[in-house]
Amino acid sequence: MAQGAKRTIGQVVSVCCLAVAVALFLSVAAVRHGFFDLKVYYGALNFWVHDGGEIYDFLKPGTQYGFTYPPFAALAMLPMAALPWTAAIVVSVAASVLVSAVLIWWLVDPIARRAGWARWYALALALLLAAAFEPMRETVNFGQVNMLLLFLVAVDLLRLLPAGNRWAGVGIGLAAAIKLTPGIFVVYLLVTGRWRAALTAVGTAATASLVAAALFPDASREFWTSALWNTGRVGELAFVSNQSLRGVVARLNPEHPSTLAWAVLVLATLAVWAWRSRAAAAAGDEATGLALTGAVMCLISPVTWVHHLVWLLPGLILLVDNGMAAPARSRRRRVLLASAAIGYGFLISRIVWAWEKDFTGVDGFLGSNTYVWISLALLLFLPVRRWAAPAGLGSAGGPPPAGSAVEASGVAQLDQTERGRSAGQRHAVGRPLAVR
């Protein structure tokens, strides 16, 4: 049998074994939420469309949970009111799986090409590992829209912006019109000096919101003047699922959480993020910009439920990317790949739920906020990729070898050929900067 055929058979077997392992893991670890959030959307839309009620007046029976998204989100979800419940589930799951597959492909494919792996094999492994990722499986089980929003933002940052496309910003604008928190990516564009894309994003979000206001004036008035400010609709801040800085502070004193302490932490976190994001943009590393901004969004949002942490997925994949780009058997490779494995291991483990009932004491402080520490670690230490000339290579030494991605600190300057090219041209998503 040819060597290539043996390799393919081995890859197929390993994918099948991993699929069985993930299925067994999910049968034990995955919590069945019965599409709870999707039921809220579905019930609110039907109450609005078929029963003549206001969408923001709806509460899921027996709960305090209602529709919390802007009116444009209701407009985007409106077709759901015409579907039977089973069809709504199918559409929700299929949409999340499809956009997840595309996004993971964008991030993993360059790793596979650099490492010489079969691309179908790398994607299959990545998708199976993503299925075990707690935020991903929670997103699917709740019927949430997280992956759809991440995909819209990624279209801008991984595809349109590096290509200099004039439509860059539309995806971010639509995501912000559907849910307010992705609006941090507009700030990312401003902080990194992409004024046109930022204006496009703001214009898109404003246009979408105005269209919704024109079509549904009562709902829009209710949202912007009342529902938006009703924090009781989203749940308890101290609940262990709230893996944000606000959740950390709230768990220290659930009865009287310190707003001042939270504000100081948020300002410090934003300062670090702005500094690191500017470094990523200067290097043309939009993938790292996406990962850093996703991490800071999770940290500074008042409420970041576990399923919102799908925004950490690009950062974990980029740790693998940077590790595989480092020299074989180097300390850098070992550290980065071990960091990715440890972060991923915690984020499939449901470890924070061990402190669901009691998060007091040192162990409660450390354990109940495990996912917050991972978000902070990605924000602080995720490498920004630039080319550096290898030691001993002078002007006559030729271009650096493929895969020599390094952190921004201590990086040699780009050569004159690279200086003449835009950052977007210098960097292909998920791989080191190419020197021509």
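Here are some questions and answers about the predicted model shown above.

User: How many helices and strands are there in the chain?
Analyst: Happy to start with the overall make-up of this predicted model. The chain has two strands, and its helices number 20. So the count, by the DSSP runs used here, is 20 helices and two strands.

User: What part of the accessible surface of the chain belongs to carbon and sulfur atoms?
Analyst: The accessible surface of the chain comes to about 19500 Å². Of that surface, the part belonging to carbon and sulfur atoms is 67%.

User: Is helix α15 roughly parallel or roughly antiparallel to α16?
Analyst: Good one to work through. Helix α15 (residues 313-325) packs on helix α16 (residues 331-346) with axes 8 Å apart and an angle of about 160 degrees. Because angles over 145 degrees count as roughly antiparallel, α15 is to α16 roughly antiparallel.

User: How many charged residues does the contact of α14 with α18 have?
Analyst: Helix α14 (residues 286-300) and helix α18 (residues 370-381) pack with their axes 9 Å apart, at an angle of about 145 degrees. From α14 come L292, A295, V296, C298 and L299, and from α18 come V372, S375, L376, L378 and L379. By class, nine of these are nonpolar and one is polar, and the number of charged residues is: none.

User: Does S92 count as buried or exposed?
Analyst: S92 sits in helix α4 (residues 85-115). Its relative accessibility is 12%, and the cut-off for buried is under 20%. S92 therefore counts as buried.

User: Which residues does S92 touch, not counting residues up to four places away in sequence?
Analyst: Touching here requires heavy atoms within 4.5 Å. T139 lies 47 residues from S92 along the chain, and their C-alpha atoms are separated by 10.0 Å. Leaving aside residues up to four places away in sequence, S92 touches L38 and G143.

Note on methods
Residues numbered from 1 in each chain as written. Predicted model: local features only at pLDDT ≥ 70, side-chain atom pairs only at ≥ 80, totals over all residues. Heavy atoms only, no water. Helix = DSSP H or I, 4+ residues; strand = E, 2+ residues; numbered from the N terminus. Areas by Shrake-Rupley, 256 points an atom, 1.4 Å probe, with all protein chains shown as cover. Axes fitted to C-alpha atoms, helices over the stretch in contact; angles between N-to-C directions. Parallel < 35°, antiparallel > 145°, perpendicular 65-115°, else oblique. Nonpolar A, V, L, I, M, F, W, Y, C, P; charged D, E, K, R; others polar. Buried < 20%, exposed > 50% of the residue type's maximum accessible area, 1.4 Å probe, protein only.
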